[in-house]
Amino acid sequence: MEEPICEEAIFAEEIPEVKPTAVVNKNGVKAEAATASGGVASGGGGAASGGVASGGGGAASGFSGTKIFTWFMVLALLGVWSSVAVVWLDLVDYDNVIGKLSVYDADGDGDFDVEDAKVLLGVKERPVSLVQKEAKEESAVEEQTAVHLPPISDDFVPDDSRDEATQPYEESKQFTDRPGSQETREAEAESVPEPEANVESVPDLEAVPQLKDEAVPELKEEPVAVEEETTQEDSEGNAEDQPEDMLKYKAKKKKPKLLNKFEKTIKTEIDAAEKLRKKGKVEEAVRAFDTLVQQYPQSPRCRYGKALAEDDLAEKMRSNDMLQKALSTYKEASELPNATPDLIKATLKKRAERQQFLGRMRGALATLEKLVQIFPEDVALKNDLGVAHLLIGDNKSAKRVYEEVLAIAPSNGFAKVHYGFILKSENKIAESIPFLRDGLESGDPGTDDGRFYFHLGDALQRMGDDSAYKWYERGHQRGHFASVWQRSLYNVDGLKAQPWWTPKDTGYMDLVKTLERNWRTIRDEALSVIDKSTGLFVPEEENLREKGEWGQFTLWQQGKKAGESCHSVPKTCGLLERYPEATGCKRGQIKFSVMQPGTHVWPHTGPTNCRLRMHLGLVIPKTGCKIRCTNDTRAWEEGKVLIFDDSFEHEVWQDADSYRLIFIVDVWHPELTQYQRQTLSPI
């Protein structure tokens with residue numbers, strides 16, 4: 001607090017003489033206020049001084065200008081030499097002091113000052129920008145249920161991709177046009193096959209969304225933030241004084257401790273390398289972390305930073321070799337002594353995600369099993385382990401994992417939707433509904449995915465429950481479906497959407513004319529191989545039938561010939577060879593479909609809006625066979641082509657007295673560009 005006497009001193013030279021004013025001090029003794037002193041005069045009048053004047057009476061006189069200057073120079077020189085001594089003799093560890101004070105930098109200005117004290121004492125709110133920044137950094141290392149993976153190009157191909165038949169549970173985060181999203185770019189190449197479409201086209205019941213989040217997370221991979229040495233400030237209040245929901249919130253915000261005791265002494269060096277990585281200078285970051293690893297070979301955090309930098313560089317280079325190098329470094333970091341539990345968890349989780357990205361599902365499974373062994377109480381890791389089992393087609397083991405999770409966390413929404421999916425894949429339709437419904441209603445991370453809405457609605461429809469359309473509508477509102485009717489999950493945004501098409505609408509008039517002119521040739525070749533003894537027609541295996549028999553004989557699949565099928569029907573294949581819109585349609589098939597009397601196909605939708613489906617009638621009973629697409633029902637005619645968009649809901653009845661035989665030809669949606677046709681991933 002400023003002293004008013006100082007102000008009088010300033011004007012001392014302008015007022016040569018001032019009569020002392022009598023005052024009474026706290027002891028009741030009269031005194032005079034000195035006119036030129038730096039302090040207070042007590043007693044009678046006093047001599048001029050910089051402190052307290054006492055003694056006899058008389059006016060006080062101030063310092064002369066020369067004396068003031070002399071004392072100022074003395075003090076200044078003392079300050080300078082003190083500073084030199086501190087620096088020269090290294091009396092103060094500034095890095096240590098600043099590091100400790102930065103813990104209390106509550107307003108984000110880089111130091112500890114009065115404003116920080118106000119924040120810590122609750123007098124002032126933390127800046128919103130700082131809170132948002134911290135939340136963003138923390139979200140990068142929180143355990144999530146879904147992690148997006150970066151889009152990749154054709155030269156960045158998983159090492160051991162498998163056919164969809166061996167991969168019933170799809171790793172959704174590997175795709176650009178992932179379920180529930182619309183492609184807004186012209187096209188993006190993906191290297192892992194998406195679910196194989198079925199005969200009358202509905203997403204495989206074995207394909208449901210993978211983890212996380214989260215976020216899912218496409219994925220621009222969030223870097224793991226360098227951790228602070230403290231969590232929530234104690235000054236925010238005692239635990240017992242805070243609401244339970246606030247305590248849970250704070251618990252979630254707890255930052256992982258990635259540094260061991262030694263690494264805290266080199267935190268500045270680690271932070272400098274990490275800063276390079278976060279700024280996108282990945283080559284420099286790799287070199288910086290590599291230098292740290294050579295300097296501190298037993299530092300798990302340095303090696304983990306190197307792995308992250310190599311991971312980022314692999315994405316930038318689209319290099320499998322570099323990503324494999326990152327996988328090895330992740331493993332090394334997790335196995336070093338003195339690694340903190342949080343670092344082990346973060347490292348192995350990252351390794352498992354990247355193994356899945358490369359299509360090494362069994363390797364990822366082994367990594368996740370190790371994680372669960374180390375952290376047996378971590379429910380999120382168990383959920384990830386369940387997904388890993390699904391990715392290799394081991395539904396039985398996945399079911400066991402989710403049963404364990406629900407036994408200890410009965411309200412876990414992620415486990416519920418996946419457990420419900422498994423029950424539905426076992427055709428336990430009624431049992432699957434409450435798990436799917438409760439899981440979606442929980443709103444837990446990893447549950448808000450179009451395929452869960454799809455499977456719940458489908459299950460309800462099969463039980464005759466009209467509330468299915470309520471869930472379809474909810475899925476549409478959440479952005480997973482283009483509409484209640486059009487519920488495909490692998491879509492390109494902006495394509496013309498209508499259930500029924502004319503040949504002129506498609507622009508494929510020549511193909512339609514070729515099919516209709518040669519329908520008898522196509523029919524005769526189909527009849528020559530339709531006998532069951534040939535084994536060419538195989539039963540529909542997508543669990544789409546309520547009842548009856550439905551077989552198919554595939555000629556082209558995902559833009560490629562299906563084995564030696566064309567050897568049995570050479571004329572039919574010859575007719576189609578010159579129509580790349582059909583034979584090159586990587587998201588469709590060309591096949592014969594035979595349906596026996598008494599067959600009913602449940603309402604369903606195809607997996608993508610990128611194709612149109614042509615049905616050429618070959619053997620059509622006069623009555624009893626019909627197909628509904630949305631609310632428009634039609635019938636086939638021999639020698640005529642029906643064209644519809646099977647991404648819309650459709651349903652089939654075969655109530656005739658004899659079999660129905662048609663030829664199915666999928667073609668690219670006419671509005672797709674040539675580049676999109678070349679780069680879209682197969683289904």
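Tutor: We will take a few features in turn, with the general idea before the case.
Tutor: This is a predicted model, in which local features need pLDDT of at least 70, side-chain atom pairs count only at pLDDT 80 or more, and totals for chains, interfaces and linings use all residues. Residues are numbered from 1 along each chain as its sequence is written, and side-chain values use heavy atoms, with hydrogens and water left out.

Student: Which residues have the most contacts inside the largest nonpolar core?
Tutor: A nonpolar core is a set of buried Ala, Val, Leu, Ile, Met, Phe, Trp, Tyr and Cys residues joined through side-chain atoms within 4.5 Å. Buried means under 20% relative accessible area, exposed over 50%, and partly exposed in between, with a 1.4 Å probe and protein chains only. Here the largest core has 76 residues, and I270, L292, C302, Y304, Y402, L440 and L456 have the most contacts inside it. A second, separate core of 40 residues includes L515, F537, C610 and L616.

Student: How do I read a helix, and what span should α17 have?
Tutor: Helices (H or I, at least four residues) and strands (E, at least two) are DSSP runs, numbered from the N terminus. The expected span of a helix is 1.5 Å times one less than its number of residues. For α17, residues 450–462, the 13 residues should span 18 Å, and the end C-alpha atoms are 18 Å apart, which agrees.

Student: Is α17 mostly covered or uncovered, and what caps its N-terminal end?
Tutor: α17 is mostly covered, since 13 of its 13 residues are buried. Its N-terminal end is capped by D449, which has a side-chain oxygen 3.0 Å from the backbone nitrogen of R451. After α17 comes G464, with a positive phi near 75°.

Student: How are aromatic pairs described, and how many are there?
Tutor: A pair of aromatic rings is described by the distance of the centres and the angle of the planes. Rings of Phe, Tyr and Trp (its six-membered ring) pair if their centres lie within 6.5 Å; planes under 30 degrees apart count as stacked, over 60 as edge-to-face and the rest as tilted. By this rule the count is 11 aromatic pairs. In one of them, Y419 and F435 have ring centres 4.9 Å apart and planes at 75°, so the pair is edge-to-face. This pair links distant parts of the chain, with Y419 in helix α15 (residues 413–425) and F435 in helix α16 (residues 429–442), 16 residues apart. Y419 is buried at a relative accessible area of 10%, whereas F435 is partly exposed at 25%.

Student: Why is the pair of Y453 and W471 called tilted?
Tutor: Their ring centres are 6.2 Å apart and their planes lie at 45°, so the pair is tilted. Y453 is in helix α17 and W471 in helix α18 (residues 468–477), 18 residues apart. Y453 is buried, with a relative accessible area of 4%, and W471 is buried, at 2%.

Student: Which residue lies over the face of F375?
Tutor: A charge sits over a ring if NZ of Lys or CZ of Arg is within 6 Å of the ring centre and within 35 degrees of the ring normal. K345 lies over the face of F375, at 4.6 Å from the ring centre.

Student: What polar contact does the side chain of D378 make with K345?
Tutor: A polar contact is a pair of N or O atoms within 3.5 Å; within protein, one must be able to donate a hydrogen and the other to accept it, and residues adjacent in sequence count only if both atoms are side-chain atoms. The side chains of D378 and K345 make such a contact at 2.8 Å. The D378 side chain also reaches the backbone nitrogen of A380 at 3.0 Å. D378 lies in the loop between α12 (361–374) and α13 (379–391).

Student: How many disulfides does a search of the whole structure find?
Tutor: A disulfide is a pair of cysteine sulfur atoms within 2.5 Å. The search finds one; C566 is joined to C573, with S to S 2.0 Å. The torsion about the S-S bond is about -85°, so the disulfide is left-handed.
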